[in-house]
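This briefing is intended for a reader who has the sequence and the coordinates at hand.

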Amino acid sequence: METAVLESPSEHRFAVLVVHDGAKRTIPADSSEAVSALLGRALHDFGIRAPERDYDLFRSGCATGLPLKDSLKEAGIRPDEELILKLAVSVLYNGVTRIFAYVPPETVQALTTEAMHAFGITAQPHTYGLFAAGSTTQLPANSTLKDAGVKPGNELLLRQVVVQGGA
Amino acid sequence: MRYRLPPALLQETFAYFRRCGGGRRECQALWISAWREPGLLTAVIHPLHAAHRAGFRVDDAWLNAFWQELAAAENGVRFQIHTHARRAFHSRTDDDYPIIHQPGFLSLVIPNFAMGEIGFDGAYLAEIGENGRWSEVSISDRIEVV
């Protein structure tokens, strides 16, 4: 006779520590829920009323944010793990979207370099640029992200500035 | 990685080159596949581009829109393919201005404006290595027409 093995609901539930702007909160989590759900609860607990796309959760020392569609289990989030809540922008490259922590005084070139490294791009840095979605004007490399008009939650395109070929 | 290329995609690619290039101008196409199954090439894309005496340049607005479409569909570009008037090789321009610059990206050059027999006779295939440099690789090692 087969016996069904039932997982205890409590095995899925745990808590994580979320840090934002020097404050720390214990946020309940469920291993089966999406990272985006944990993000939503963290924003609520910190009293942040911004859209979810403006922020992301990051592991300490990681340049790219946790993938929002993954479950906490898929993302490898462990009980009592400490995550950092930061302003974020999305960067698209060759069909892949990554979330990067966003600091307004940071320069466009710094984010470009960080994103090129995260995507494994081996081109010369000066041949690549960031573009706002819908604009063919390259964000000025020496400008701060703030002065370049980049806002939290923005979607930026990372690409070769000029694509051409010929004999 | 060795990619599986449906024959219909190869035929469609040559059709683009012949229609767009008219046997007189260089032209470019891209082969894409889904990130969930990268080894199976699923579509040929014909970028909006302007031909000039020395080759071609892809339209900036088209590139931006394509970048968003790729992300929305979770597809990636695996090959860029373009034609030369005569002999196929990878020029300095081809080296410096590819659409993708990640290790494993492939660039196929077709001779004679693709006006010859459909296939890889006289073609040249280059791949970006881990060091970021292009090197010639065997076409049969990277493409399987299935």
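Cys27(B) is buried, with a relative accessible area of 0%. The model in which this residue sits is a predicted one. Cys27(B) accordingly takes part in no disulfide: the nearest cysteine sulfur belongs to Cys20(B) and lies 3.5 Å away, whereas a disulfide is counted for sulfur atoms within 2.5 Å.

- Cys62(A) is partly exposed, and its relative accessible area is 36%.
- The value for Cys27(B) is 0%, which places this residue in the buried class because that class lies under 20%.

**Secondary structure of chain B**
- Chain B contains four helices and ten strands.
- Along the sequence, these elements of chain B occur in the order β-α-β-β-β-β-α-β-α-β-β-β-α-β.

**Dimensions and packing of chain B**
- A box of roughly 40 × 35 × 35 Å, taken along the principal axes, is filled by the C-alpha atoms of chain B.
- Buried residues make up 51% of the 146 residues in chain B.
- Among contacts in chain B with a separation of 6 or more, 63% involve residues 24 or more positions apart.

**Surface and charge of chain B**
- The accessible surface of chain B is about 6800 Å², and carbon and sulfur atoms contribute 47% of that surface.
- Chain B carries 15 positive and 17 negative side chains, and the centres of these two sets are 6 Å apart.

Note on methods: Residues are numbered from 1 along each chain as its sequence is written. Chains are lettered from A and ligands numbered from 1 in the order in which they are written. This is a predicted model: local features need pLDDT of at least 70, side-chain atom pairs count only at pLDDT 80 or more; totals for chains, interfaces and linings use all residues. Side-chain values use heavy atoms; hydrogens and water are left out. Helices (H or I, at least four residues) and strands (E, at least two) are DSSP runs, numbered from the N terminus. Buried means under 20% relative accessible area, exposed over 50%, partly exposed in between (1.4 Å probe, protein chains only). Contact means heavy atoms within 4.5 Å. Accessible areas come from the Shrake-Rupley method with a 1.4 Å probe; for residues, only the protein chains shown count as cover. Lys and Arg count as positive and Asp and Glu as negative; His and the chain ends are not counted. The place of a charge is taken as NZ of Lys, CZ of Arg, CG of Asp or CD of Glu.
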